[in-house]
Amino acid sequence: MGEISCSNGISQANGADAKNVALTGYRKSCWYEEEIEENLRWSFALNSILHTGETRYQDIALLDTKPFGKALVIDGKLQSAEVDEFIYHESLVHPALLHHPNPKTIFIMGGGEGSTAREILRHKTVEKVVMCDIDEEVVEFCKSYLVVNKEAFSDPRLELVINDARAELESRKENYDVIIGDLADPIEGGPCYKLYTKSFYEFVVKPRLNPEGIFVTQAGPAGIFSHTEVFSCIYNTLRQVFKYVVPYSAHIPSFADTWGWIMASDSPFTLSAEELDMKVKKNIKGENRYLDGKTISSSSTLSKAVRKSLDNETQVYTEGSARFIYGYGSALKQNRA
């Protein structure tokens with residue numbers, strides 16, 4: 001759904017064919033455009049196109065954008081941007097690891113770009129991180145191009161596994177203190193939507209959590225209009241599996257929306273903002289750019305409209321009744337071609 005448009009009228013769908021388009025001389029007038037929904041598009045100017053390609057599972061592009069720096073785009077959806085990725089990754093990682101009494105072992109589902117592992121490895125208590133991503137080409141691409149995560153990929157505590165997250169969790173005997181879902185958005189035809197289902201949470205994720213274990217997942221757009229795409233459904237699905245479920249959100253400028261995460265456990269989340277600040281100071285190396293105790297606590301205070309919608313949500317996410325965000329994955333694009 002992402003397009004690169006240039007001043008000579010070229011408009012090329014993001015993917016492997018994009019590298020066949022000669023863009024030299026037009027860089028100053030190139031734009032990236034993403035279709036957020038049927039009648040709404042989000043665009044920004046490019047300095048250059050650093051790479052485009054296609055893996056077995058996904059289309060991939062790395063763009064040098066004027067407003068957001070380097071931006072990673074997969075299947076026509078912006079995944080992260082250099083200028084503000086810290087908001088997404090701090091929000092995904094730190095609330096769960098701070099609420100856990102002593103997080104030592106972490107399993108990441110997805111996370112191929114390495115930013116989630118980077119934030120986890122800042123925690124002094126962490127002894128082992130397993131990062132499981134299905135797409136080796138994306139991982140190798142990110143290792144080569146995203147130098148900000150170079151140290152994370154070389155950290156001896158990180159075990160990198162190329163596999164389907166479901167198969168990997170099912171085959172492993174050890175349990176984890178925190179399991180993190182840093183998966184691509186559930187889009188029709190994409191590789192990840194089955195990892196948002198009730199059966200997956202109940203029979204694969206939860207049995208792999210240690211006592212007091214916490215599961216957290218990115219959960220798609222959480223804006224005043226966009227939260228009904230998948231956020232509310234994922235929240236209701238997790239409520240069927242875990243005793244305590246906390247939705248929270250933050251605005252991410254490069255996504256042009258508020259984004260959502262959901263944290264779940266059978267142990268309550270009881271830390272105050274002051275207690276969270278104490279743990280940040282004690283447990284995390286370096287300084288967060290976005291999160292502190294007050295930010296974490298306030299992030300779960302959603303608007304009246306979103307709270308009401310979440311309270312009234314009835315759909316449970318299953319393979320037969322899946323919801324998707326707008327767009328579709330490369331497998332479905334090939335079928336529709």
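Biologist: In which helix does N312 lie?
Modeller: This is a predicted model, in which local features need pLDDT of at least 70, side-chain atom pairs count only at pLDDT 80 or more, and totals for chains, interfaces and linings use all residues. Residues are numbered from 1 along each chain as its sequence is written, and side-chain values use heavy atoms, with hydrogens and water left out. Helices (H or I, at least four residues) and strands (E, at least two) are DSSP runs numbered from the N terminus. The run over residues 304–312, which holds N312, is helix 10.

Biologist: Is N312 buried or exposed?
Modeller: Buried means under 20% relative accessible area, exposed means over 50%, and partly exposed is in between, taken with a 1.4 Å probe and protein chains only. N312 has a relative accessible area of 51%, so this residue counts as exposed.

Biologist: How far apart in space are N312 and N236, C-alpha to C-alpha?
Modeller: Along the sequence, 76 residues separate N312 from N236. In space, the distance between their C-alpha atoms is 9.1 Å.

Biologist: What share of the residues in the chain is buried?
Modeller: The secondary structure of the chain comes to 11 helices and 14 strands. Out of 337 residues in the chain, the buried share is 57%.

Biologist: How many aromatic pairs does a search of the whole structure find, and what kind is the pair of Y32 and F44?
Modeller: Rings of Phe, Tyr and Trp (its six-membered ring) pair if their centres lie within 6.5 Å, and planes under 30 degrees apart count as stacked, over 60 as edge-to-face and the rest as tilted. Searching the whole structure gives 15 aromatic pairs. For Y32 and F44, the ring centres are 5.4 Å apart and the planes stand at 40°, so this pair is tilted.

Biologist: How many residues apart in sequence are the parts that Y32 and F44 tie together?
Modeller: Y32 belongs to strand 3 (residues 31–37) and F44 to strand 4 (residues 40–54), so their pair ties together parts whose separation in sequence is 12 residues.
Both Y32 and F44 are buried, and the separation asked for is 12 residues.

Biologist: What is the angle between the planes of Y88 and F255?
Modeller: Y88 and F255 form an edge-to-face pair, with 6.4 Å from centre to centre and 65° between the planes. Y88 lies in helix 1 (residues 85–99) and F255 in the loop between strand 13 (244–252) and strand 14 (257–265), so the pair ties together parts that are 167 residues apart in sequence. Y88 is buried at 7% relative accessibility, and F255 is buried at 13%. The angle asked for is 65°.

Biologist: Over which ring does the charged end of R289 sit?
Modeller: A charge sits over a ring if NZ of Lys or CZ of Arg is within 6 Å of the ring centre and within 35 degrees of the ring normal. The charged end of R289 is 3.9 Å from the centre of the ring it covers, which belongs to F86.

Biologist: What is the order of the strands in the open sheet?
Modeller: Two strands pair if DSSP finds at least two bridges between them. Strand 9 (residues 128–133) has five of its six residues buried, so the rest of the structure largely encloses this strand. Strand 9 pairs in the parallel sense over five bridges with strand 8 (residues 105–110), and also in the parallel sense over five bridges with strand 10 (residues 158–162). The open sheet has seven strands with mixed pairing, and their order is 10-9-8-11-12-14-13.

Biologist: Which strands stand at the edges of this sheet?
Modeller: Each edge strand has a single partner strand, so one side of each is left without a neighbour in the sheet. The two edge strands are strand 10 and strand 13.

Biologist: How many bridges join strand 4 to strand 5?
Modeller: Strand 5 (residues 59–65) is mostly covered, with six of its seven residues buried. Strand 4 and strand 5 form a hairpin with four residues between them, and E54 stands opposite D59 in strand 5. The two strands run antiparallel, and the number of bridges joining them is seven.

Biologist: In strand 6, which residue is the bridge partner of L62?
Modeller: Strand 5 pairs with strand 6 (residues 69–74) in the antiparallel sense over six bridges, and the two form a hairpin with three residues between them. The partner of L62 in strand 6 is L72.
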